[in-house]
Amino acid sequence: MTFGGSDRAQQALTSSFRPVSAGSGLYPAHMNRARPRSVIVIGAGFAGLAAALRLAQAGAQVTVLDRLSRPGGKAALGWADFSSGPTVVTMPQIFEGIHARLGLPQPLLTPARPTTTYHYAGKLAGRTFAPEALNVAGNLDPTLAQLSRREGQSYTRLLGASKRMYQAAAPTFLFGPPPGKLKLARYALAHGLGAAPWAKLPQFVRSGPLLTPFWLRFATYLGANPYQAPAVLLNVAWVELGQGVWHLGEGEDAGLGALATRLADHARSLGVRFEYGVSVKQLIRSGNRIMGAHTDQGAFSAQSWVSAVDRSLSAQWLGCAPDKSARGVSGFALQLRLEGDLGRAHHLFFPEHYRQEWRDIAAGRLPSDPALYLHLDGVRAFLLVNAPATARALADPYTYGAELLANVQRRYQAQCGQPLPVTGWLPLDPGVYAQTGHLGALYGQAPHGLTGSLRPGWSHPGARNLVQVGGTVFPGGGVPLSMLSGWNGAGSVLGLPYDDLGGATEYRPGEADPRSAGFSEVPA
C-alpha cells in the first residue's frame, strides 16, 4: 500500500505513529551515505539481534519489534528454559567474532565428539556410525575405523568433494557481500563444473545403504528435500564433518536461548528498546519509502528499517506480489523433560525407508516413520522431525507427538541400552513454527535446483529504506549465517565494508593439525 492524496492527509495518518526518534534520514550505503538516528528492526531472532547491536554500536537509536515474548526467534518457541531452534552450533569462529566485535567475553564452545551418532533400522538394524569432525580429531582414523574398506573409500571421496565444493563456494556465497552477475559468472567459470550441475544429490552421493542416507540428510540443514536437492548441497557436510559441531555454554547458560538473552541484554545496555508481543500487520509506504508500521499494538515510525523475518512476510506487509516459490521443510518438535542427567549428545535414528519420509512430506503429510533427531542436554532433550510447510496448526498435536515419543523411546532403549526417562513434554507443530517463518518453513524457499539454492540480496524492491536480513536471504539459513546476514545488512545501512566475523578462516581447535596423516586422504 502507498500513500496518496495531500500532504495534510499524509501528516494526519503518520501523526498516529509512535516515533523512535527524530533526525536526518539514513539508508543503506547504496541509497544514501547519511547514518541513521532512528531504525526499527523487525524480528528479535539472531539476525535481528546482530543487526540491532551493530546499529546501536554505531550510535543509532534502535527499536526491535517481535511478536514473541522473548528474543531468539525459533529458539524462543515453547518452554522458556528450552531452546527450540538448533541444538548445537557450527562455524564457531562467527560466534567468537561477534563477541569480539561487541567486547563481550568469549562464549564457551565445547566440541561434540562424535558430531552425531547415527542409528540404522531394517537390514542395518543395530549398526551405528559416529563420525568425528576432521579438524577436531586431527585425522580420519576414528571415523574410518567404523567403516568397511569400501565404505571408507567412499566416505573419504565424498568428504573431499564436499570440502572442494565448500571452499570454492565460500568466498562468493558466504563470506562477502551478495554477489552480482559478474561475481556469479566468475564463480561459474572457475568452479561451475566442480559443483556437479548435471547431478542431483542422491545420484552424486550414492554409496551404499549405510552412507547414502547419511550424506543425503545434510541437505535438510537448508530445508531441502534431499531427493530434489542439487549435488552442490553436499558442501554443507564439510561444515560439520570438517570443521566440527559445538555445544554452546553449559548449565543454565547453555544453548542458543541463553545466547539470545545475553545478546539482548547487551543490546539494551547500548540503548536498544525491545517491544515484545507486537505483530506487524502492514508496512506503510509513500512512494518507495516506508513511513511506518501498523501493528496490533499501535503504529511505529522510523527513518530506516531492517526486516529480520522471512522475506515472504516482508513482501506481504509491503503489499507486494506473493512469493510463489516452493517452501522448504518445516518441523514438528518435542521439548522433553528428563528424570536424571543423560549428558550431552546428538543422535539421529534413521527409519527403515528414508525415501518414504520425503514422499509423505512432498504429499503434504506428516511422515509416518520419520528420521528422529534427538539432542540430549542434561535433564532436557529436544526431538525434531521433518514436516511439510503449512500454516495450519494441528487440531491435536499431542496424538502425533505421543507416537513420536513412543518411537524414540523404543529406538533409544534398543540401540543405546538404557531408557529415555521422560517426565514431561511439549509439542511444537508447523503452526507454531509459522510464528517465525512463512507457512512454518524453517529457511524459506526450498533450495531445489541450482537457482533455488541462490538467496536474494539484502535490498528489497518494495522499499528503498528497507534492508532484508535473516535466513531467507543471503548468505542463507542457520544461526551463524543469519548473524552474518544481520551484522552485514546493518553494515550496509551504515556504509561499512563487509565483515566476515572471522568466518572465512576455517576453525581448527587446539593444536590438532588437520594436515596430519589422515588429512592427506581428503584431497584439497
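How many bridges join strand β13 to β17, and in which direction do the two strands run relative to each other? Six bridges join β13, which spans residues 330–338, to β17, and the two run antiparallel. In this pairing Arg337 stands opposite Gly424 in β17.

This is a predicted model, in which local features need pLDDT of at least 70 and side-chain atom pairs count only at pLDDT 80 or more, while totals for chains, interfaces and linings use all residues. Residues are numbered from 1 along each chain as its sequence is written, and side-chain values use heavy atoms, with hydrogens and water left out.

The chain holds 16 helices and 19 strands, where helices (H or I, at least four residues) and strands (E, at least two) are DSSP runs numbered from the N terminus. Of its 524 residues, 58% are buried, that is, under 20% relative accessible area with a 1.4 Å probe and protein chains only. Among the contacts with a separation of 6 or more, 71% are between residues 24 or more positions apart, a contact being heavy atoms within 4.5 Å.

**The sheet**

Strands β13 and β17 belong to an open sheet of seven strands with mixed pairing, in the order β6-β5-β14-β15-β16-β13-β17; two strands pair if DSSP finds at least two bridges between them. Because β6 (128–129) and β17 (422–428) stand at the edges with a single partner strand each, one side of each is left without a neighbour in the sheet. Helix α14 (residues 397–416) lies across β5, β13, β14, β15, β16 and β17, and runs at about 130° to β17.

**Helix α6 and its partners**

Helix α6 (residues 149–173) packs against α9 (residues 208–216) and α10 (residues 235–243), with axes fitted to C-alpha atoms over the stretch in contact and angles running from 0 to 180 degrees between N-to-C directions.

| Pair | Axes come within | Crossing angle, roughly |
|---|---|---|
| α6 and α9 | 10 Å | 20° |
| α6 and α10 | 7 Å | 110° |

The angle therefore makes α6 roughly perpendicular to α10, a term for 65 to 115 degrees, whereas angles under 35 degrees count as roughly parallel. The contact of α6 with α10 includes Tyr155, Leu159 and Tyr166 of α6 and Trp238 and Leu241 of α10, and by class it has eight nonpolar, three polar and one charged residues.

On the α9 side, Glu151, Ser154, Tyr155, Leu158 and Leu159 in α6 meet Leu210, Leu211, Phe214 and Trp215 in α9. The residues of this contact divide into seven nonpolar, one polar and one charged, where Ala, Val, Leu, Ile, Met, Phe, Trp, Tyr, Cys and Pro count as nonpolar, Asp, Glu, Lys and Arg as charged, and the others, Gly among them, as polar.

Methods:
Angles under 35 degrees count as roughly parallel, over 145 as roughly antiparallel, 65 to 115 as roughly perpendicular and the rest as oblique. Buried means under 20% relative accessible area, exposed over 50%, partly exposed in between (1.4 Å probe, protein chains only).
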